[in-house]
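Hi there,

Here is the structure I promised to pass on.

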Amino acid sequence: MGLVARNDAEAFEVILERHANAAFSLAYRICGTRSAAEDVAQEAFLALWRSGTHYDRARGSVRTWALGIVHNRAVDSLRRSGAHDRRRVSDEGIEETLEAPERTDAQAIEHATSHEIRRALAELPDDQRRVIELAYFGGFTHVEIAQMLDTPVGTVKGRMRLGLQKLRSQMRGTEALGA
Amino acid sequence: MSTREHQPDCPRHVDVAPYVLGALEQQELESFREHLAECPHCRLELAELQSVVDELAASTPLVAAPSELSERVLQTVRSSADLLNAAGQEADRPSRFARGQRTRGFAFAGAAALVAAVAIVLAIVLGGGSSSPKERVILGQASGAAQGAQVSLHKRGGHAELLLTHMPQPGAGRIYEVWLVRGKAPSPTDALFGVSSAGSSAVDIPGTVQGVKQVLVTSEPLGGSSAPTRNPVIAVALG
């Protein structure tokens, strides 16, 4: 990212190539349409280019940083459009159009990891998984979720916390097994 | 120390999970951020849960991005890199004005004029097809409470979009409003917006920006105002 901060377009191209599919996938999952996802991913990468000097290595990988920007912009886009009747794109509904031979080794590892996380998410109790998905992928606030599920706000917050803690435990268990 | 061990230490620990998922209400964000600055227990829990949410971001099934996406981004990046490198490192940095010197207590018109005087304008041509209009990317200036924010206005034909990063929240009971300056007085628009928890926003400027000299942003009461009640925090000179 140091090169990007010095306006090195070639360095940025490497980052773009490395993370474009993950960024587009996340935007697609949140926005629900390819055109909106494309707009969001484009905005996010340009924002990333413009704000390269603000990247703090201590706060995570470039990938984490880039996907954080994509997430924020995708949720902004949803909220701006007022699309809270937003279409949901389920994991099952998305074709995995990036075939295995096209993947680099690093992408293959990330692909396997993403499967693990999805499996961990699927194994959560329904009420915990639902509030996490509605918040993170749906862009809803905890108050909106509480209204939607006709559940007290405190319960929604509690489910979010429990769900994330369980995910964390499962992820750490997976890491330990893989070590 | 696990999250369970420090759970009873702070009554606001219940807000960490919605915060890290981006699910706190706008008006709760400011106070929770202030709380985080003072509460080591919540900061620890935040660090633990943030790592989970980071993984969630990468958990979506992989979908191939359209090749046009990378092409469009790279065209803009290469053009701006050429221009910025030619202009030198200082061209892309906030001006002394934007860093907070002489930023307090200025009159609205004076502030707008001063901001306009130091605005950097880049004209970037996107080669997105012979029929598509050229896009100009105009860097704006942030001041006052928004010092440090990065501002660019993307103008294609008469349409423009304002992209903002590192913006502060507009404050409880307030919202950002976009103003267009064609003559002397700024005209209100329907563009009222908040910013994400990360301080970013993308705002479509309603109508056309043809004939507009400046695009300004102020913090206004919810619902917006018919005339600015505060000094502009963002100004983009369209020259």
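To start with one residue: does B:H166 count as buried, exposed or partly exposed? B:H166 counts as partly exposed because it has 18 C-beta neighbours inside 10 Å (20 or more other C-beta atoms within 10 Å of its own make a residue buried, 12 or fewer make it exposed, and anything in between is partly exposed, with C-beta atoms placed from the backbone).

A word on what you're looking at: this is a predicted model, where local features need pLDDT of at least 70, side-chain atom pairs count only at pLDDT 80 or more, and totals for chains, interfaces and linings use all residues. Residues are numbered from 1 along each chain as its sequence is written, while chains are lettered from A and ligands numbered from 1 in the order in which they are written.

Back to B:H166, which sits in the loop between β5 (159-165) and β6 (174-181) of chain B (strands are DSSP runs of E, at least two residues, and helices are runs of H or I, at least four, numbered from the N terminus). Its phi is near 60°, a positive value in a residue other than glycine. Most residues other than glycine have a negative phi.

Chain A has a case too: phi of A:D150 is near 55°, also positive. A:D150 lies in the loop between α7 and α8 of chain A, and it counts as exposed because it has 6 C-beta neighbours inside 10 Å.

Now the contact between the chains. Chain A gives 63 residues and chain B gives 49, with two residues in contact if their C-beta atoms, placed from the backbone, lie within 7 Å. On the side of chain A that touches chain B, α2(A) supplies the largest share, 12 residues.

Cheers
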